[in-house]
Amino acid sequence: MRKIDLLFAEYAESHRNATNKLIHWICVPLIFWTILGFISLIPAPQIGFRYIGTVSYVSIAVIILVSVFYLRLSVLIATLMFFIMILMESFVYGINIRFKENSWLIYLSVFIITWILQFIGHKIEGKKPSFLKDLQFLLVGPIWLLSFIMKKTGIRY
């Protein structure tokens with residue numbers, strides 16, 4: 001069995017309850033987005049992209065590192081997640097422009113609310129979050145959700 005399949009199987013063990021899954025479908029992408037938002041606030045040189053906005057070199061480095069993690073699991077998932085992260089960066093840029101110095105409050109509020117909901121989901125599930133056992137599951141959650149979309153559309157990862 002491939003490593004990605006093993007990770008998905010282990011992650012799925014604590015994500016069987018329908019309510020917990022629904023919460024994860026909402027909260028995991030938002031948490032991922034808020035982390036990119038927090039990273040975007042680290043003072044660093046930025047580069048402008050025509051359709052995305054400006055992205056800091058720190059954000060680019062993080063996107064590359066996360067993509068390398070995903071690349072070790074699946075080329076297709078890494079490629080899709082790269083474009084998803086770029087899309088998220090575009091939304092981060094919009095928040096940063098719209099709310100300027102207060103954008104951190106948006107990210108913090110969404111981050112706290114979504115983590116509270118995540119823990120409620122795991123309370124309902126009756127199992128602890130996977131990342132408490134292994135931190136890499138913080139990166140597995142988003143691709144676990146993506147794998148469902150891929151399966152539904154008939155795309156093999």
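Which element gives the largest share of the lining of the largest pocket, and how many residues is that?

Modeller: This is a predicted model, in which local features need pLDDT of at least 70 and side-chain atom pairs count only at pLDDT 80 or more, while totals for chains, interfaces and linings use all residues. Residues are numbered from 1 along each chain as its sequence is written, and side-chain values use heavy atoms, with hydrogens and water left out.

The largest share of the lining, seven residues, comes from α2; helices here are DSSP runs of H or I with at least four residues, numbered from the N terminus. A pocket is an open set of points on a 1 Å grid over the protein atoms alone, where a 1.4 Å probe fits, with protein on both sides within 12 Å along at least five of seven lines; lining residues have an atom within 4 Å of a point. The volume of the largest pocket is about 400 Å³, a volume being the space filled by probe spheres set on the points, which are joined across faces, edges and corners.

In total, 25 residues line the largest pocket, and I31, I35, F137, L138 and L139 lie nearest its centre. Two or more lining residues are given by each of α2 (18–40), α3 (57–71), α5 (103–125) and α6 (137–152). By class, the lining holds 19 nonpolar, six polar and no charged residues; Ala, Val, Leu, Ile, Met, Phe, Trp, Tyr, Cys and Pro count as nonpolar, Asp, Glu, Lys and Arg as charged, and the others, Gly among them, as polar.
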